[in-house]
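Please read it beside the sequence and the structure shown here.

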Amino acid sequence: MILDKFRKKSCQPLPRVGICWKPGTGTVLPLWVDVDKGVRHGDIITGPKTHAEYWEECRLNGNLDIFRDSLRKAYFTMPRVRVVYNTVKDKFYVYHADNLKGNGIVDILRSFALPIDKTVFEIDLDYCNYDKELESESWYRSDLAAFTSIVGTVRTEKSDQGYSHGWVMKNITMLESLKALRLFLDNKEEIINLILESKNNEDCKKKLESKYSFTDIQADVILDCKIKWLCEFDRNKLDKEIEDWSNILI
């Protein structure tokens with residue numbers, strides 16, 4: 001079978017196909033499946049739903065409550081991404097809006113576990129009709145539900161078969177991100193000054209890792225979020241959230 005090469009030969013996760021929204025840091029409301037479980041349309045393998053279908057499902061389930069009111073009016077308000085696999089060309093295609101650059105590309109590669117040498121990024125004009133006037137606004141409400149959605153990880157319980165590598169890595173990433181937020185709140189003024197005084201992101205990351213023992217993931221989370229937005233989080237609720245995430249990894 002043409003997809004046998006993607007089946008697990010190690011602890012690495014399978015590449016995924018599907019959709020998400022990508023207004024900023026991380027992948028928002030991702031809906032993906034492993035490539036060997038995707039839906040076939042001729043030579044193309046894609047995810048199970050369109051953005052419009054999944055947006056309506058999220059609206060009915062209350063999952064859109066993480067966004068500010070102005071962003072809930074339609075599925076095309078925010079920039080969108082679709083990942084498909086072309087079985088003939090043996091490549092993954094990432095169709096995206098015109099805002100996907102630099103770290104945003106890395107986010108997609110990581111989130112969908114895509115092989116760099118077999119992935120093509122293409123701007124799709126249909127996905128470029130998002131509301132650009134809202135780009136200067138904060139995309140999310142300042143609460144932990146919004147933060148966990150931005151990081152792109154959903155807390156899940158251990159399955160009957162035990163822990164999978166993908167399950168463990170996704171939850172560890174989320175826990176690290178929450179701890180990064182706590183480190184920021186505990187040292188808010190010093191870290192803000194450090195960010196402002198740094199030459200660039202790489203310089204700032206080195207300082208965060210050296211002075212506050214941030215990991216590479218933690219430094220990225222802080223630098224990818226707006227300072228004003230980070231400052232608004234409730235420290236007590238954050239402690240409870242970290243405790244909950246820690247418990248599921250025990």
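Strand E5 (residues 80–86) and strand E6 (residues 91–96) run antiparallel and are joined by six bridges; strands here are DSSP runs of type E with at least two residues, helices are runs of H or I with at least four residues, and both are numbered from the N terminus. This is a predicted model, in which local features need pLDDT of at least 70 and side-chain atom pairs count only at pLDDT 80 or more, while totals for chains, interfaces and linings use all residues. Residues are numbered from 1 along each chain as its sequence is written, and side-chain values use heavy atoms, with hydrogens and water left out.

**Strands**

- Val83 has Val94 in E6 as its bridge partner, and two strands are taken to pair if DSSP finds at least two bridges between them.
- The hairpin of E5 and E6 has four residues between its strands, and Asp90 takes a positive phi near 55 degrees there.
- E6 also pairs with strand E7 (residues 119–123), in the parallel sense and over five bridges, and Tyr95 stands opposite Glu122 in E7.

**Helix H6**

- H6 (residues 201–212) has 12 residues and reaches 16 Å from its first C-alpha to its last, close to the 16 Å expected at 1.5 Å a residue, where the expected span is 1.5 Å times one less than the number of residues.
- At the N-terminal end, Asn200 caps H6 through a side-chain oxygen that lies 3.2 Å from the backbone nitrogen of Glu202, and just after the helix Ser213 takes a positive phi of about 60 degrees.
- The buried residues of H6 are Asp203, Cys204, Lys205, Leu208 and Tyr212, buried meaning under 20% relative accessible area, exposed over 50% and partly exposed in between (1.4 Å probe, protein chains only).

**Cysteines**

- With a disulfide defined as a pair of cysteine sulfur atoms within 2.5 Å, the count comes to zero disulfides.
- Cys20 is buried, with a relative accessible area of 0%, whereas Cys231 is partly exposed at 27%.

Definitions and conventions:
Polar contact = N/O pair within 3.5 Å; in protein donor to acceptor, adjacent residues only side chain to side chain.
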